[in-house]
Amino acid sequence: MLGARSMAVIGASARPGSFGERMVIEARRGSARTHLVNPRYRRIGDLPCHASLDDLDEVPDLVLLGVPDDALIDQLQAAAAAGVRSAVLFGSAHGAGMRRAITDIATRAGMALCGAGCMGFVNTVTGVRALGYLEPDPLPAGGVSLVTHSGSAFSTLLRARRGFGFRLAVSSGQELVTDTADYVEYALDDPGTQVIGLLLETPRAAPRLRNVLRQAAERDVPVVILTVGGSPRGRAMVAAHSGALAGDAAGWAAFCASTGAVRTTDLTEFTDTLELFACEARAGRLQRRGGGRGIATVHDSGAERALCADVAHEMGVEFAELSPRTLGVIGDLLDDGLTPSNPLDMWGTGADTRTVFGGCLRAMVEDPAVAVTALAVDLVTEYDGDTAYTDAVLDVEGQAPLAVLASVPSAIDPVMAQRLRDRGVAVLEGMRSGLAAMGHLAAWPLPVDTEPVVVDQVRRDRWLRATGPAFDLLADYGVAVPDSRPADSRAEAVAAAAAIGYPVAVKTAGAAHKSDVGGVVLGVSGPDEVVAVYDDMAARLGPAVSVDAMVPAGVEVSVGFVCDAAFGPLVVVAAGGVAVELHGDRVVVCPPVSRTMARRIVDQLRIAPLLTGWRGGPVADIDALVDVIVAFSAMAVELGDMLDAVEANPVIVSPTGAVAVDALVVPNSVPG
């Protein structure tokens, strides 16, 4: 499909401004031999037009189906019957059962299929243009391979006039047959692909996509992803638009982290990040990056320097600590009254701007702690013809990652921006988006957990055949649990407490979230108190309770897994207790999880200081908590297809260990 040598345009038209005319124009701009099909015409321009595919003198590699939905099935069946191996479906295929029928036809025929509801693709390497809308010709060539579910974003990026070009650009639409993973595989087989950009609404074939993105990470090919539909309203809009399920923000974040992909938050950040990575890849600097992980910026405004520092702090983008040598070099260049620092404001008298700014930029890019440097100026049109800022950057360019960071896109001088981009310098068109891009480059390559998938088949089979109490499940995976005994009467509750030893905890078995309904009483210290607690709980919540041993006090953490319809099982670690949802302090990751990754998860929690002795408190056994996280990872891998969720909340982490004192198991809601 992507390298088609011949194509047939079904629905070709000579009518000015029509969809059929646009298909013909774009097809003829490309390299593929073009055949026109429409029974209403004998010729369109200088090309013959045929009544059907059967009239062609060859079987085309690709058909473009620019026909109404009510003709789509018949035309696709005709193409399949003729032996055509690929098709682009521009129509939305909204009719009842249409998408299923399209998928079945193409799958049986072994056809690759772009769409439905797409804008087609351009392959600048082979020269194929399979489009229904007029796009730049020629399309800027470069090292970026782009796949986007959004047709509008496809056109926007192709027309953006930024500092990168394309190897491949695909508007994949609904991906009824050929999906993002297929396109990424194709791009990775092209040695000219330097950066992959993905704009995704729906995580289709997530396990296969995860595998190919991991291949990209192994080959040092950056993948920049923009995902949409993470909010409840956004997910509803995606479903209404494409009929597909969108992943939520936490699922997407976990997915990207598991593949080493760079996740962006909006189209501006996506574009700035693509430009910065593309410029670095073109210069060959991605594969020979040093150890620095901080950024550096040089400003001509004290206010904008402060704003830059504020925004970077808010976003978690770290400025590099400059070495004494670097600070000394900068200090020697500054006017009196200015202080060498990072970020740096160096506007004094304005004398010898090119030399002074260039010298400071050079000092920063040579500092080993700095991963990427930017001249943070607005790059406005200078009415006196001054080009000192651009000249200063170009004097230094080529030594290390260096960009220009502007604040107001509409104020950027297009001539100066193009001059910089022509020399391989990224021009980042927003303070927030540009800082995010710099932070992404500074952190790249991102760590990818390479823990192998290991399944204990005996244990898996044991839980597939039968279910048991939640504590039994946790214990089978090595998670410490308290001594716990069921009771259905006063006498059984008293006997259980006596066997365990006072004090005990009494918990209802009649509610999933026990604390929400007053179903947990701790520190019950004697038989009479057990009776009183049991009578009250049985009257309100039913006779079934558990009597549990008390556990030493510690930090409450929630550990579990949940099966996401799009991404599969996800391990969730959060601040625990009754306010777990309120705190929103959680980390979500894709299993399997190594011990190294589990420790990294713990460190990301806002409650992490509580585990390390906050304000003189006891130091908790973090290794024991890591064991619990790894155990839940194994549980997710082995039982994720039979359980919708398992949660231990809280896991009490103390100096003596980590014990799950309450647990919830949710069976699979979809049988089979």
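This briefing describes salt bridges in the structure shown above. The structure is a predicted model, in which local features need pLDDT of at least 70 and side-chain atom pairs count only at pLDDT 80 or more, while totals for chains, interfaces and linings use all residues. Residues are numbered from 1 along each chain as its sequence is written, and side-chain values use heavy atoms, with hydrogens and water left out. Side chains of opposite charge can pair when their charged atoms come close. With a salt bridge taken as a side-chain nitrogen of Lys or Arg within 4 Å of a carboxyl oxygen of Asp or Glu, the count comes to 32.

**Aspartate 179 and arginine 208**
- The closest N and O atoms of this salt bridge are 2.5 Å apart, and the pair links distant parts of the chain, since aspartate 179 sits in the loop between β11 (166-171) and α5 (180-189) whereas arginine 208 belongs to helix α6 (residues 206-218), 29 residues apart.
- Helices (H or I, at least four residues) and strands (E, at least two) are DSSP runs, numbered from the N terminus.
- Aspartate 179 is buried, with a relative accessible area of 7%, whereas arginine 208 is partly exposed at 31%.
- Buried means under 20% relative accessible area, exposed over 50%, and partly exposed in between (1.4 Å probe, protein chains only).

**Glutamate 638 and arginine 459**
- These side chains meet in a salt bridge at 3.0 Å, N to O, which joins helix α23 (residues 622-639), holding glutamate 638, to helix α16 (residues 457-465), holding arginine 459, 179 residues apart.
- Both glutamate 638 and arginine 459 are buried.
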